[in-house]
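Welcome, and please open the model in your viewer.

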Amino acid sequence: MKENNSHGDRRLAGKVAFFVTMYAVFTSLFHVWMNSASLMIAIKRNAVHLGLMLGLTFLMYPATKKKSNKRPSILDWILFVLGISIGLYIYITYDNLVERSLVPNSTDYVFAIMAIILTLEAGRRCVGYILPCLSIIFILYAKYGYLFPGMLAHKGFSWKRILTRMYLTDGGIFGVTLMVSASYVFMFILFGSFLNKTGTAKFFNDFALAFAGRLRGGPAQVAVMASGLMGTISGSSQANVATTGSFTIPLMKEVGYEPRFAGAVEAAASTGGILMPPIMGAASFMMASFLGIPYVKVMYAGIIPALFYYFAIFTMVDFEAKKTGLKGMDKDKLPIFKEVMLNEGHLVLPIIIILILLIKGLTPLYAAFYGLIATIVTSSFRKNTRMDFKKFIEALEEGAKSAVSVAIACAVVGFIVGVVSMTGLGQVVAHNIIKLSFGQLWLALILVMIASIFLGMGLPATACYIITASIAAPALIKMGVRPIAAHFFAFYYGTLSAVVPPVALTSYTAAGIADANPTKVAVTGFKLALAGIMIPFMFVYSPIILMENVTIGSLIMTIITGLIGIVALASAAENYFQDKMTIIERISTFIGAVLLVKPGVMSDMLGLGILAIIFILHRTRIRKKAIV
């Protein structure tokens, strides 16, 4: 069997690679059965899900980077067996535990200790040190809360109670975060994997080339559009980079973009994939569960923010192209739109089917299951997209492997959510945020934004959202922000963590493809994302953007002022409008953008007035240069 390094850090070959492939295929098939025909209760399903994912983790990810090219060690195989066993233990013994009124015995405690250690170790291997270390701090806080100062202090819990909560109930590892991973997230990741194998990524690239290739930004704007389309099915920023970046980054370099900028465009554009309905990544499913609302409402709420974000990146790229004098691609190098739609347009049918099912009010699980079936059926409409047995097996394998990092992150963050609910920490932090902000909403929003970005420097976007939503969002809700707006605020900045230096995973992935300096790509990517950084403030002050209390007139007005504000912010970030800006013009443009964010006729008029003055100044300056 060929060497396989598409997932994880370990290169597998031979019999071990074959075993891992078969294990991954079984994992995907079992999840399909578990989420469709099975009547398994939630905690058992979560436990089996974690056991299977832990097994994959210890085979795919080595204990240290130095062993990245080696076969799994004896210790890895032992951990593989133990990882599966902690899931099976709950599946087999949970009914007996309920009969004992959830009174644990010594064996329960042994498995609880083992589960915590293995989950933290798996987290260290596949998502890094920061999240497991943060979870350990929270666990210690649950035990030794009386040692903490001021309002953070609490009486502390016994180790037995902590172990029971974390492993033997649905208030710890097997809580809502892992429940969402075991159901919605896994099924949609698998759906995206099947779509990829049918050539949907190629269709999105061809569609974007045909539609935007001749624009001034050329392949950079193609990258933005293709990443947005890819985001509809992947829900993953790094998956976007890997699929669209390998195609768009070389094109950008070919027409004259610096490798640093080419990688940054793809990183910033791919980051928005988590924001793009209908799938929107794991965090959006978490949000629906946390808020107790149908997922379709989260999907509706995400439409305008996602379009705003991509409009912001699109505008930034256009300003850069205009500033550097770049042009679009030659017509003869671009695919013909009509031919693209005739040959590959049928690949979008499964996405349309999922949208229809969600809009009709059916559950995401139902939609994902029938989306899988629709993908297999529609791919057979054309010979070039038809799935054979090999592609079918590869899709099952890729789906399970792609779900590992999300599942493990959700399990590890379960410790944090469990401790927050045990100790009431969320209410304490909410009180302190209100106190530090002196009751001013704008200041509280800035504090939550900083906290989210700070957490994002080392956490996956999903984990960042869960922590921020558990700890910081309650403060915003107490200050009168609508719950969905407060959670979207945390969700949005958790998403942007993928492109925030110094730990900007999406940027580093793009840098590898672009053959550019990772730090430079990360800094440039963050700069490109700056145009979208004000968008969460928009939907806090104007919940209508999230489809809350919509009236046609107010929605149109909010969208118009929002788009103008985004253009102004992009202009200030790029230091270019129709011409290079002076410092005063740049500051004034930023102020105008901020005024357009806050709803109100007066603030909108002031913002538009400032931007009108900048526009007139630039037009006058350009005319004078033309005369000279």
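Our first stop is the second largest pocket of this predicted model, whose lining has 20 nonpolar, three polar and no charged residues. The space in this pocket comes to about 680 Å³. To find its centre, select Phe138, Val429, Leu455, Ile467 and Ile471, the closest to that point of the 23 lining residues. Then colour α5 (130-143), α18 (425-436), α19 (441-456) and α20 (461-471), the elements that each give two or more residues to the lining.

Next, select helix α1 (residues 14-34) together with helix α2 (residues 42-60). How far apart are the axes of α1 and α2, and at what angle do these helices pack? The axes are 11 Å apart and the angle is about 165°, which makes α1 roughly antiparallel to α2. Show the side chains where they touch: α1 contributes residues including Phe19, Tyr23, Phe26 and Phe30, while α2 contributes, among them, Val48, Leu52, Leu56 and Leu59. By class, this contact has twelve nonpolar, five polar and one charged residues. The crossing of α1 past α2 is left-handed.

Most residues other than glycine have a negative phi, and most peptide bonds are trans. Go to Ser101, in the loop between α3 (74-99) and α4 (106-127); Ser101 has a positive phi, near 60°. Finish at Pro278, in the loop between α11 (259-271) and α12 (281-291). Here a cis peptide bond links Pro277 to Pro278, with omega about 10°.

Note on methods: Residues are numbered from 1 along each chain as its sequence is written. This is a predicted model: local features need pLDDT of at least 70, side-chain atom pairs count only at pLDDT 80 or more; totals for chains, interfaces and linings use all residues. Side-chain values use heavy atoms; hydrogens and water are left out. Axes are lines fitted to C-alpha atoms, for helices over the stretch in contact, and angles run from 0 to 180 degrees between N-to-C directions. Helices (H or I, at least four residues) and strands (E, at least two) are DSSP runs, numbered from the N terminus. Angles under 35 degrees count as roughly parallel, over 145 as roughly antiparallel, 65 to 115 as roughly perpendicular and the rest as oblique. A crossing is left-handed if the near helix is turned anticlockwise from the far one by less than a right angle, and right-handed if clockwise. Contact means heavy atoms within 4.5 Å. Ala, Val, Leu, Ile, Met, Phe, Trp, Tyr, Cys and Pro count as nonpolar, Asp, Glu, Lys and Arg as charged, and the others, Gly among them, as polar. On a 1 Å grid over the protein atoms alone, a cavity is a set of points where a 1.4 Å probe fits but cannot get out, and a pocket is an open set with protein on both sides within 12 Å along at least five of seven lines; lining residues have an atom within 4 Å of a point. Grid points are joined across faces, edges and corners, and a volume is the space filled by probe spheres set on the points.
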